[in-house]
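Morning, everyone. Please have a look at the model on the screen. I'll walk you through it piece by piece.

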Amino acid sequence: MKFQGSQDYVATDDLMLAVNAAITLQRPLLVKGEPGTGKTMLAEQVAAALNLPLLQWHIKSTTKAQQGLYEYDAVSRLRDSQLSDDESAAKVRDIRNYIVKGTLWQAFESDQPVALLIDEIDKADIEFPNDLLRELDRMEFYVYETRELIKARHRPLVFITSNNEKELPDAFLRRCFFHYIKFPEPTTMQKIVDVHFPGIKQELLSAAMRTFFEVRNLPGLKKKPSTSELLDWLRLLVAEDLAPELLASKDDKVIIPPLVGALLKNEQDITLFEKLVFMQSRNR
């Protein structure tokens, strides 16, 4: 298997090298980067390009590592044991009826190789990555209730994403191949936009891109607008059929662009941007 990009996802050369290195080493690919830089979409596009089924495990703050392996539904078994019919009694006798397979188990038992996405691993408790060390390293785990050792039939291609909300343990990092997705430069961003908006008017695109990077480069922003937010903003500009002149003043001074709520997501950043526009207007 070798990833060479796709028509729907602009992958830089170093990103494609990272994906193929993880494939060669048979290690999880740990992908970090700003929110909205396409980390989750990378797993989806690589799976599609390599014709692999994709299993996704989206991590929350309450997620435990055990849930990725399996869960024992003791409550349902207790409830069924209180029923008097023969069917329920037969079901209760086999504990396997109350084992709920997690995403990792599904990936391990698949008859064909799969891609596995563990999305936003840094949302979980700090011990979460450590609890998965053995399973991701040896590709096996033990089911104590049934006394079974579950081994992977095929080693899945594992993608792990992180937004850097928490530091990951060194022992976990050692088992991964790491890649940081840098924020796209204007030329790369142009390619990304062309994929999503092939027929967009060039005057509107040029004005929007200039305004976007002016907003993004404003010092002191609490949250800089991301690639996904630029695409959302462009989608709105195209839908409203706005003129390029509305995105910039005649003397190239910064103005508050229309639908700025697609780019700036908190009142502090909007206030900061308004102050910049006000200061420039006074200095004219």
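Which residue in strand 5 does His58 stand opposite? It is Asp119. Keep in mind that this is a predicted model.

Strand 2 and strand 5, residues 115–119, are joined by five bridges. The two strands run parallel. Now step back to the whole sheet. It is open, it has five strands, and the order is 2-5-8-1-9. The pairing is parallel. Strand 2 and strand 9 are the edges, and each of them pairs on one side only. From one strand to the next, the twist averages 20°.

Next, what packs on this sheet? Helix 1, residues 13–25, is one answer. Helix 1 touches strand 1, strand 8 and strand 9. Its direction makes about 165° with that of strand 9. Helix 2, residues 39–49, packs on the sheet too. Helix 2 touches strand 1, strand 2, strand 5, strand 8 and strand 9. Its direction makes about 165° with that of strand 8.

Stay with helix 2 for a moment. Which of its residues are buried? They are Lys39, Leu42, Ala43, Gln45, Val46 and Ala47. Here is a rule about helices. An α-helix has 3.6 residues a turn, so residues three or four places apart point the same way. Look for that spacing as you read the list again. And what covers these buried residues? The cover includes helix 1, along with strand 1, strand 2, strand 5, strand 8 and strand 9. After helix 2 comes Asn51, with a positive phi near 60°.

Now strand 1, residues 29–33. Is it mostly covered or mostly open? Mostly covered: five of its five residues are buried. Leu29, Val31 and Gly33 point one way. Leu30 and Lys32 point the other way. Both groups are buried.

Strand 1 has partners in the sheet. With strand 8, residues 157–162, it pairs in the parallel sense over four bridges. There, Leu29 stands opposite Phe159. With strand 9, residues 177–181, strand 1 has five bridges, again parallel. There, Leu30 stands opposite Phe178.

Let's turn to another pair. Strand 6, residues 140–143, and strand 7, residues 148–151, pair in the antiparallel sense. They do this over four bridges. Phe141 stands opposite Ile150 in strand 7. The two strands form a hairpin with four residues between them. In the turn, Arg147 has a positive phi of about 60°.

Tyr142 lies in strand 6. Why do we call Tyr142 partly exposed? Because its relative accessible area is 35%, and partly exposed runs between the buried limit of 20% and the exposed limit of 50%. Tyr142 also belongs to a surface patch. Together with Tyr144 and Leu149, it forms a nonpolar patch with about 350 Å² of accessible area.

On to positive phi. Most residues other than glycine have a negative phi. Gln26 has a positive one, near 55°. Gln26 sits in the loop between helix 1 and strand 1. At 52% relative accessibility, Gln26 counts as exposed. Leu259 also has a positive phi, near 60°. Leu259 is in the loop between helix 12, residues 227–240, and helix 13, residues 267–282. At 37% relative accessibility, Leu259 counts as partly exposed.

Two more residues, and then I'm done. Ser61 is in the loop between strand 2, residues 54–58, and helix 3, residues 65–69. Buried or exposed? Exposed, because its relative accessibility is 58%. Now look along the chain. Ser61 and Lys123 are 62 residues apart, yet their C-alpha atoms are separated by 5.1 Å. Leaving out residues up to four places away in sequence, Ser61 touches Lys123, Ala124 and Asp125.

Last one: Arg216, in helix 11, residues 202–216. Buried or exposed? Buried, because its relative accessible area is 6%. What is it in contact with, beyond its neighbours within four places in sequence? Glu34, Phe183, Leu221, Lys224 and Pro225.

Definitions and conventions
Residues numbered from 1 in each chain as written. Predicted model: local features only at pLDDT ≥ 70, side-chain atom pairs only at ≥ 80, totals over all residues. Heavy atoms only, no water. Patch = residues over 30% accessible without salt bridge, like charges linked within 9 Å, V, L, I, M, F, W, Y side chains within 5 Å. Areas by Shrake-Rupley, 256 points an atom, 1.4 Å probe, with all protein chains shown as cover. Salt bridge = Lys/Arg side-chain N within 4 Å of Asp/Glu carboxyl O. Buried < 20%, exposed > 50% of the residue type's maximum accessible area, 1.4 Å probe, protein only. Contact = heavy atoms within 4.5 Å. Pairing = 2+ DSSP bridges. Axes fitted to C-alpha atoms, helices over the stretch in contact; angles between N-to-C directions.
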